[in-house]
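This briefing sets out selected features of the structure shown below. The points are grouped by topic for reading alongside the coordinates.

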Amino acid sequence: MDFDFSPEQVMLRDQARDFLVNESPMSLVRQMMDDERGYSSDVWRQMADLGLLSVAIPEEYGGLGMGMVEHALILEQIGRTLCPGPYLATTVLAATAILNGGTDAQKQQYLSAIASGDLIGTFALLEDVIAWDASGVHAEATPDNGSYRLNGRKLFVPFANVAQFIIVPARIGGPDGDVSLFLVDHATPGMTVTPLVSLDLTEKTSQIEFANAMVPAACVLGQPGNGAAVIDAVVQRAAVAAAAEMYGAARASLDMSVEYAKTREQFGQPIGSFQAVKHKLADMLLDAEAAFAATYYAAWAQDDHGDEAATAAHVAKAYVNEAARKVCGEAIQAHGGIGFTWEYDLHLYFKRAKHYEALYGDTQFHREKLAQHAGAAH
Amino acid sequence: MDLHLSPEDAAFREHVRAWLAENLPRHELHTLEERIAWQRKLYEAGFIGMGWPKEYGGAGARPMEQAIVASEMAHVNAPGPVNHLGLNFIGPTLIVHGTEEQKARHLQKILSAEEIWCQLYSEPNAGSDLASLRTNAVDAGDHWIVNGQKVWTTNGPISDWAILLARTDPNVPKHKGITCFIINMRQPGIVVRPLKQLTGGSEFSEVFITDARVEKADVIGEVNHGWEIAQTTLGFERGGSILSRFAVYSGSLERLVQVCKSLQRNGGTAWDDPVTRQKIGQAYAELEVLRYIGLRILSGMEKGHNPGPESAVAKLYYSEFDKRYHELVMSILGPYGTLLIGAPAELEKGMGGDAESDPSWAHDFLWSRAPTIFAGTSEIQKNIIGDRVLGLPKEVRADRLKAKAQ
């Protein structure tokens, strides 16, 4: 039993942190808030060179072949620095779908291109109906001369504005057909990407309309009808990934608050010496430490592939949703007026946490799963 | 990172399980003799004094092995050892600070429960601010004379000995005039009176000390250096205790789910109610996180890291969880939750039908007000976290200003 990171994991974490602190400073984050694409291709290229994009991709597909713990360490650093871009969309959503559902040829083609930084992808799960499994999929794929005609509307698709391919769940054979996944090229005629604007301006998100968009049969991910299981796998891994980012954002907010409380003086003394502030910060530390334990236990359970993988992912997302919301929110309170300004960086963490709270299973979804788990034992 | 038990630890857990299945008392331990006999049985099995060095009769076991025994015992609701204060606090304090004579005189009898110990620390006017204690010890030549009053003493009526903090110099800053003593509880100057708690039970006592005698050889460490020793004593926080707390709450939550399935409320079972399910899901997540926190502390202890002030986070977490969880229980069970006696079997907390060994939900709810107070209130834990973990500036306090002036 060992809850510590290995020396290699620590090295990877520190390398990622140093890189992101230096190459993705807050000035870049703010620049990307106003940028249509929302990421720096220069930073993306360097991330590829450092192996940050390929960390969890198996070696046979050009990756580093590490696991979710290593991936979470990087995602945590992204949360701490708010590095903007399609990192989670590409390396978690798209890569997990392909790894779990793709044919060997598809894995070779797509995963190696993701690993090398040449391909950005995303996953279009949500529609008008919010559901974190295949039940919410109403888009339809109709066979047509060896191709499929896609019709439907997808919402909240992360970084679809820059993705070169989008994995799209749709039902073949009408509303009761099984869900299949399609690898859709960004230049497919009949597909229209319209940006939506999230309160987290660093997180680009879009709506996609499919109006008789023609997709070759070869673009079915793996076998037709295998979509439901792949969606579950993607949501499970994305829940852990989001928890890691949210934990990183919460920890950064806490660190800023502690520093502020040590130096900000009112009534002739640092505000951190007042119990009202000190106890607030102690509560925030408790939430952050618990969020750390929840996140990395879940990441480990993913790599362990045992019975606990799903449960631990539900625990992590349900718990970190609340913890990160509290820590990032209370950080603003601890700062007072300055925390409410646009100029000060604190609100950016608050928004990142809130953005992910709603994604890959909100708190209600994961708590209901845990209730089912608790109830199943008896 | 590997959060599985090692094969050796997994095998040890099986051994502990099998031993408990074989030896667990079949009924509530009513008499002191029965409780002493149970501790001896645990001792013979190697489950007592596990963390003590072998030279003092301990097992020299790793923190993980201690945690396994504690959580397996909690899992089957096994009675704890009667001399738990002696085992967890006083013995380790003597091992670190005691003279060879003190160790030879007391340690073996703590392990065998031949002599029961308690702790005379808190006073009516010295709770969170323990260092302001007023019980005093006066040097009477060949012995000390002690006068004062102590409170919140666990095991008071059955104790033969106590570890005592008393003021030996009133003219120095409060932390610097306290001495740590061993005191014989079986003497006329000591009167123990059980304290009735809001639960109706009496786990604690008040202790009145009038001209009680302490031998010169029974000073632990040096005169006027008792505060440092108290800090060590209070610092013997068991990382493994978090996992045993998990086991207790986990058993309770399992039972709560069963009860929800039986409880008819508003036209369906409580289990059919989405609001209830949400709250159960939340409690399940919070409880799992408690287990992860416990594993993380244990992992550090296995590598020789003293949990130190970080254990304040664990204490704060579980004690606040305890309150939230029992409020949840009460909100689900409605009027059934308020019954101390008389709830139908399918809704009762325990399934054994023994009211004494299976406390009611109502009892557990009332008890949930205790953990955020004992062993350092939540407010004190937050001060510890703020000062020693986060490194925040200390608050301006009247006693510190006074000490500075002295």
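This is a predicted model: local features need pLDDT of at least 70, side-chain atom pairs count only at pLDDT 80 or more; totals for chains, interfaces and linings use all residues.

**Interface between chain A and chain B**

- The contact involves 48 residues of chain A and 45 residues of chain B.
- About 4500 Å² is buried between chain B and chain A, and carbon and sulfur atoms give 65% of this area.
- The rule identifies 22 residue pairs in polar contact across the interface of chain B and chain A, both residues being at pLDDT 80 or more.
- On the side of chain B that touches chain A, the elements giving two or more residues are helix 7 (240-262), helix 8 (274-302), helix 9 (311-333) and helix 11 (378-389) of chain B.
- Helix 8 of chain B provides the largest share of that side, with 16 residues.
- Classified by residue type, the side of chain B that touches chain A comprises 21 nonpolar, 10 polar and 14 charged residues.

**Salt bridges between the chains**

- Between chain B and chain A the count is 7 salt bridges.
- One of the salt bridges joins the side chains of Arg291(B) and Glu308(A), with an N to O distance of 2.9 Å.
- A salt bridge is also formed by the side chains of Lys303(B) and Asp2(A), at 2.7 Å from N to O. This pair joins two chains, because Lys303(B) lies in the loop between helix 8 and helix 9 of chain B, while Asp2(A) lies in the segment before helix 1 (7-23) of chain A.
- Lys303(B) counts as partly exposed, at 40% relative accessibility, and Asp2(A) is partly exposed with a relative accessible area of 24%.

**Salt bridges within a chain**

- Over all chains, the count by this rule comes to 45 salt bridges.
- In chain A, the side chains of Asp345(A) and Arg30(A) form a salt bridge of 3.0 Å, N to O. Asp345(A) is located in the loop between helix 9 (308-335) and helix 10 (346-357) of chain A and Arg30(A) in helix 2 (residues 26-33) of chain A, so the pair ties together parts that are 315 residues apart in sequence.
- In chain B, the side chains of Lys216(B) and Asp139(B) meet in a salt bridge with an N to O distance of 2.7 Å. The two residues are 77 residues apart and link distant parts of the chain: Lys216(B) is in the loop between strand 7 (204-215) and strand 8 (219-220) of chain B, and Asp139(B) is in strand 2 (residues 136-139) of chain B.
- Lys216(B) has a relative accessible area of 32% and is partly exposed; Asp139(B) is partly exposed as well, at 45%.
- A network of salt bridges links Asp200(A), Glu203(A), Glu245(A) and Arg352(A).

**Strand pairing in chain A**

- Strand 2 (residues 140-144) and strand 3 (residues 147-158) of chain A are paired in the antiparallel sense over 5 bridges. Within this pairing, Thr142(A) stands opposite Arg149(A) in strand 3 of chain A.
- Strand 2 and strand 3 of chain A form a hairpin with 2 residues between them. In the turn, Asn145(A) has a positive phi of about 55°.
- Strand 3 of chain A also pairs with strand 7 (residues 205-216) of chain A, in the antiparallel sense and over 10 bridges. The bridge partner of Val157(A) in strand 7 of chain A is Ser206(A).

**Backbone angles**

- Most residues other than glycine have a negative phi.
- Asn212(A), which is not a glycine, has a positive phi of about 55°. Asn212(A) lies in strand 7 of chain A and is partly exposed, with a relative accessible area of 42%.
- Ala375(B) is likewise not a glycine and has a positive phi of about 55°. Ala375(B) is placed in the loop between helix 10 (361-367) and helix 11 of chain B. With a relative accessible area of 60%, Ala375(B) is exposed, as the limit for that class is over 50%.

Key
Residues are numbered from 1 along each chain as its sequence is written. Chains are lettered from A and ligands numbered from 1 in the order in which they are written. Side-chain values use heavy atoms; hydrogens and water are left out. Contact means heavy atoms within 4.5 Å. Buried area is the accessible area (1.4 Å probe) that two parts lose on being put together, summed over both. A salt bridge is a side-chain nitrogen of Lys or Arg within 4 Å of a carboxyl oxygen of Asp or Glu. A polar contact is a pair of N or O atoms within 3.5 Å; within protein, one must be able to donate a hydrogen and the other to accept it, and residues adjacent in sequence count only if both atoms are side-chain atoms. Helices (H or I, at least four residues) and strands (E, at least two) are DSSP runs, numbered from the N terminus. Ala, Val, Leu, Ile, Met, Phe, Trp, Tyr, Cys and Pro count as nonpolar, Asp, Glu, Lys and Arg as charged, and the others, Gly among them, as polar. Two strands pair if DSSP finds at least two bridges between them. Buried means under 20% relative accessible area, exposed over 50%, partly exposed in between (1.4 Å probe, protein chains only).
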